[in-house]
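Here are my notes for a first look, as numbered points. Keep the model open while you read.

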Amino acid sequence: MDSLLTSQTLTNITVQSPGLAERVMISTLTTLPTCVFLFINGIMLFTLRSKPVFRETCRYILLYNLLFADTVQLAQSQIHFLLAVLRITVSYPVCTFLVNFTHLTSVISPLTLVVTPLERYVAVCYPLRHATIITIRNTGAAITVIWAISFLNIIIRTLLFLSLFEELGDLEVKGFCGDIAILLGTKSDRFDKAFTCIVVVAAGVAVIFSYIGVIVAARSASTDKALAFKARNTLLLNLMQLFLSLSSTIYYPLLVPLLMIVTRIVLVRIQNVFYLLFIIVPRCLTSLIYGLRDQTIRPVLIYHLCCRLKCPVAEDKG
């Protein structure tokens, strides 16, 4: 099986990992920024629940769902990384639980980005019907469907893993606990790729369709030009956020070809760089992109980041 062969190859990489000093340095360099951004994301989540305007506005509710998923995945990814760097081995059932829990939240981000552009599209193209279409109840239903799809993905992945569970000679994962460790058969691999493609296409179509609709609506004389301009910029940010949230899917595909080019110790270091670029950074940008850009969120966010002290930005806004 190709997936099993790749898993064994990456296992050999983990075995020939750097020395203790380098592992401590790598752990520190990744854990410190992760903790900083977990703190910022936590403040952002608190901010989005601190005022009625955030709790009762649909786009802020969707943003909260997106940020919550990114925050949980950031914490989970760091746990996986530390398990690999510190050479802590776990059993296949534990590894499956950790990986599937990570997948539960990783799917939430792109699925939320399917709904968010449509909300902006309705706001610009159907402003008179926006209040009746985009309601808190409908938003809650959309979020429920998003989580249900994510749970269904996890259930199918678990069933596929259990179907090959008896073929395992040893219950302990040899090396890195990650996606490749539990993709034991072609069915699991094909399902994972098919589900990812469906989510990518759905999110991409939603963003592009909404962007084109907003551009066309902006040319109409009856359309609020300022609102259309802001919506267009928001949709561009949604598209960028989609690419960032899906960047983790190219993590392993980029590593595997490098196996034949560089030495394994060099590959471990490249793997660490890829982890920072494709796992940590995308999960940290949501709060910065939306928190600092939004004129309603920014003063409240900075106020809480300053530990509720008087900040110049907050004072200017007030």
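At what angle do helix 2 and helix 4 pack, and how far apart are their axes?

1. Helix 2 (residues 20-47) packs against helix 4 at an angle of about 165°, with the axes 10 Å apart. Here axes are lines fitted to C-alpha atoms, for helices over the stretch in contact, and angles run from 0 to 180 degrees between N-to-C directions. Helix 2 and helix 4 are therefore roughly antiparallel to each other; angles over 145 degrees count that way, under 35 as roughly parallel, 65 to 115 as roughly perpendicular and the rest as oblique.

2. A word on what you're looking at. This is a predicted model, where local features need pLDDT of at least 70 and side-chain atom pairs count only at pLDDT 80 or more, while totals for chains, interfaces and linings use all residues. Residues are numbered from 1 along each chain as its sequence is written, and side-chain values use heavy atoms, leaving out hydrogens and water.

3. The overall picture: the chain has 14 helices and zero strands. Helices (H or I, at least four residues) and strands (E, at least two) are DSSP runs, numbered from the N terminus. Of the 318 residues in the chain, 48% are buried, meaning under 20% relative accessible area, with exposed over 50% and partly exposed in between (1.4 Å probe, protein chains only). Take the contacts (heavy atoms within 4.5 Å) with a separation of 6 or more: 80% of them join residues 24 or more positions apart.

4. Back to helix 2 and helix 4. From helix 2, the residues in the contact include Arg-23, Phe-37 and Met-44, and from helix 4 they include Tyr-64, Gln-78 and Val-85. By class, this contact of helix 2 with helix 4 has 14 nonpolar, seven polar and one charged residues. Ala, Val, Leu, Ile, Met, Phe, Trp, Tyr, Cys and Pro count as nonpolar, Asp, Glu, Lys and Arg as charged, and the others, Gly among them, as polar.

5. Now follow helix 4 (residues 58-85) to helix 7 (residues 136-163): they pack at about 20°, their axes 9 Å apart. That makes helix 4 roughly parallel to helix 7. Helix 4 passes helix 7 in a right-handed crossing. Cys-58, Ile-61, Leu-62, Asn-65 and Phe-68 of helix 4 make the contact with Ile-136, Thr-139, Ile-143 and Trp-147 of helix 7. These residues divide into seven nonpolar, two polar and no charged.

6. Is Thr-139 buried or exposed? Thr-139, in helix 7, is buried, at 5% relative accessible area. Apart from neighbours within four places in sequence, Thr-139 touches Cys-58, Ile-61, Leu-62 and Ile-134.

7. Helix 7 also meets helix 5 (residues 92-125): their axes come within 9 Å and cross at roughly 150°, in a right-handed crossing. Among the residues that meet are His-103 and Leu-111 in helix 5, and Trp-147 and Arg-157 in helix 7. This contact of helix 5 with helix 7 divides into 14 nonpolar, seven polar and one charged residues.

8. Lastly, the structure holds one salt bridge (a side-chain nitrogen of Lys or Arg within 4 Å of a carboxyl oxygen of Asp or Glu). The partners are Arg-120 and Glu-119, at 2.8 Å from N to O. Arg-120 counts as buried at 12% relative accessibility, and Glu-119 is buried at 4%.

Methods: A crossing is left-handed if the near helix is turned anticlockwise from the far one by less than a right angle, and right-handed if clockwise.
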